[in-house]
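Work through the exercises below with the sequence and the model open. Try each task before reading its solution.

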Amino acid sequence: MNTEIITEESIGKYLKLLRNEEIFGILDGRISGIGACDDETDLPQGILTAEIHMDYIRIRRIHVLPEYREGDTAHILLHVVMDLPEDLKMPFMCYGTEDEIDTELLSEYGFKEISTDYSWIEGLLANYKEIKAPPKAYEVGTLDKAPMDRVQRFVLESNYDKLLQIPDGYLEGDRFSDASLVCMDRNTIVSVILMEETDDTIRIPYIHTKNNLALLYALFVLRKLLNSEYESKARIQFLMHKGIGREAIRALIHPGYEKKIRVFRYE
């Protein structure tokens, strides 16, 4: 088996194993990828994608083709990524729901589960309840039209989470969808809803407001925007941390359900 860094030149070989957000992330340098291929046929066997943050390296995903899952492809990919020179060593993190991560593999490599309180509240876009629009006293625009320096200042002055929301202390330009929403009251930012678009999910990892009525209006606009862009069967997730806003989101996405996010760390 051969392993290689996935680059712009080699990415074509691994397209069927990568998700769209991973492809774009590798091409713009935000995500790193390692590929494994057969040393005789040069056909791909599996991939590992990761993100290097200021304080840790996140193992995003390990995916091996079904015909190679009984072998050691996943172990080799993980070993290659974790075999760093001593002066470059950083903690490794891996997090996801039960169906997204291989807890047995992580345990074999010494990852330890840490106690956290993260979860996704998930449902279909069809479950996103219609909100009675409050009076239009606010201006709501998309992130691509907003003053990014002011949006970043608003986010960083909030009590944001440094693991799943904003791990590097700044807004990553290519991470959040241009369709994220910024709500303003007389030229002052009062609410921000940041959104990520993956292959199969609309994710809302960050919501913060200084005015509950403005947030209600932003959520009203968000529903209209999503329904104009996606089918009703699209999956939507809202990040919960320490249960903040849980009851409100459970009422907004109904029926829906909560999925615990498990977090593993290796040092």
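**Exercise 1: Aromatic pairs**

Tyr266 is partly exposed, with a relative accessible area of 28%; buried means under 20%, exposed over 50%, and partly exposed in between (1.4 Å probe, protein chains only). This is a predicted model: local features need pLDDT of at least 70, side-chain atom pairs count only at pLDDT 80 or more, and totals for chains, interfaces and linings use all residues. Residues are numbered from 1 along each chain as its sequence is written, and side-chain values use heavy atoms, with hydrogens and water left out.

Task: classify the pair of Tyr128 and Phe238 by its ring geometry.

Solution. 
1. Take the rule. Rings of Phe, Tyr and Trp (its six-membered ring) pair if their centres lie within 6.5 Å; planes under 30 degrees apart count as stacked, over 60 as edge-to-face and the rest as tilted.
2. Apply it. The ring centres of Tyr128 and Phe238 are 6.5 Å apart and the planes stand at 75 degrees, so this pair is edge-to-face.
3. Tyr128 is in the loop between β6 and β7, Phe238 in strand β11 (residues 235-241), 110 residues apart. Helices (H or I, at least four residues) and strands (E, at least two) are DSSP runs, numbered from the N terminus.
4. Tyr128 is buried at 1% relative accessible area. Phe238 is buried too, at 1%.

Task: find the cluster that contains Tyr266.

Solution. 
1. Count the pairs. The rule gives four aromatic pairs.
2. Take Phe111 and Tyr266. Their pair is tilted, with 5.6 Å centre to centre and 40 degrees between the planes.
3. Ring pairs link Phe92, Phe111 and Tyr266 into a cluster.
4. Phe111 is buried, at 4% relative accessible area.

**Exercise 2: Cysteines**

Task: how many disulfides does the structure hold?

Solution. 
1. Set the cut-off. A disulfide is a pair of cysteine sulfur atoms within 2.5 Å.
2. Count. The structure holds zero.
3. Cys94 is buried at 5% relative accessible area, and Cys183 is buried at 1%.
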